[in-house]
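Here are my notes on this one, in the order I'd look at things. Have the structure open while you read.

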Amino acid sequence: MRAKSCLCIGSGGGFIPRIITQARLDLHKQGIFEGNDNLSWGDIGVTYLVDACNGVGGPNDLEDENSYYRYTFHPRLIKSTSEEAYYNFFVIQDIKLDLIFIDGDHSYEGIKKDFELYSNLLSPTGIIMLHDTDSSYEDTLLVSEDAKKDHHRFKGPSKLVEELKESVEWNVMSLHNFGIIKDKPSSSGITVIQHA
């Protein structure tokens with residue numbers, strides 16, 4: 001996709017923003033992106049990360065500037081709720097996005113709000129990716145006792161995807177592998193969305 005202006009809403013341990021940042025760097029090494037390869041401010045674009053760092057979804061070290069993640073991948077961390085970041089960071093600066101990965105609030109109301117807001121910032125050829133969209137995965141997921149305090153059900157993403165499939169405005173492609181290979185782990189699903 002050669003996305004330069006990328007956003008991840010919610011992160012957990014930062015795996016997806018790491019992949020996004022590495023992809024931008026790899027595109028520079030291949031000569032597709034030219035110019036300064038500074039990971040935060042260079043010609044190869046930027047990875048924005050919006051996370052309230054409030055412990056929802058489990059602890060992380062995103063706030064620590066010296067953490068491996070921040071030191072190595074240099075995301076532009078916006079410690080905020082997604083709604084506040086939308087209005088007070090992205091809209092104010094008129095930032096358009098090529099890739100939006102939504103993995104924050106998994107309630108129906110929360111993910112729908114994130115989608116409705118941030119889809120306004122999508123570049124003409126950009127894509128939105130929603131995480132945890134396979135309802136079959138959620139229905140059978142066992143959560144260990146020590147993780148129950150950090151677990152929030154994620155029925156919202158699959159409900160939103162079903163609505164988007166009925167829209168003439170969006171092309172929707174869901175990638176689910178629940179139970180395909182019975183003795184291997186399944187993923188929680190991901191859905192790719194682009195303007196029709």
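1. Start with Ser 5: its bridge partner in β2 is Val 46. That bridge belongs to a pairing of β1 (residues 5-9) with β2 (residues 46-50), which runs in the parallel sense over five bridges. Keep in mind that this is a predicted model.

2. Zooming out, the sheet is open and has seven strands, ordered β3-β2-β1-β4-β5-β7-β6, and the pairing is mixed. The edges are taken by β3 (76-78) and β6 (170-175); each has a single partner strand, so one side of each lacks a neighbour in the sheet. On average, neighbouring strands here are turned by 15 degrees against each other, direction ignored.

3. Now the helices on the sheet. α3 (residues 82-91) lies across β1, β2, β3 and β4 (97-102), and it runs at about 135 degrees to β2. α6 (residues 155-165) packs on the sheet too, where it touches β5 (122-131), β6 and β7 (190-195). The direction of α6 makes about 140 degrees with that of β6.

4. How do α4 and α6 pack? α4 (residues 108-118) sits at an angle of about 50 degrees to α6, and their axes are 8 Å apart. The two are therefore oblique to each other, and α4 passes α6 in a right-handed crossing.

5. As for who meets whom: α4 brings Tyr 108, Ile 111, Lys 112 and Phe 115, while α6 brings Gly 156, Pro 157, Lys 159, Leu 160, Glu 163 and Leu 164. Sorted by class, this contact has six nonpolar, one polar and three charged residues.

Notes
Residues are numbered from 1 along each chain as its sequence is written. This is a predicted model: local features need pLDDT of at least 70, side-chain atom pairs count only at pLDDT 80 or more; totals for chains, interfaces and linings use all residues. Side-chain values use heavy atoms; hydrogens and water are left out. Two strands pair if DSSP finds at least two bridges between them. Helices (H or I, at least four residues) and strands (E, at least two) are DSSP runs, numbered from the N terminus. Axes are lines fitted to C-alpha atoms, for helices over the stretch in contact, and angles run from 0 to 180 degrees between N-to-C directions. Contact means heavy atoms within 4.5 Å. Angles under 35 degrees count as roughly parallel, over 145 as roughly antiparallel, 65 to 115 as roughly perpendicular and the rest as oblique. A crossing is left-handed if the near helix is turned anticlockwise from the far one by less than a right angle, and right-handed if clockwise. Ala, Val, Leu, Ile, Met, Phe, Trp, Tyr, Cys and Pro count as nonpolar, Asp, Glu, Lys and Arg as charged, and the others, Gly among them, as polar.
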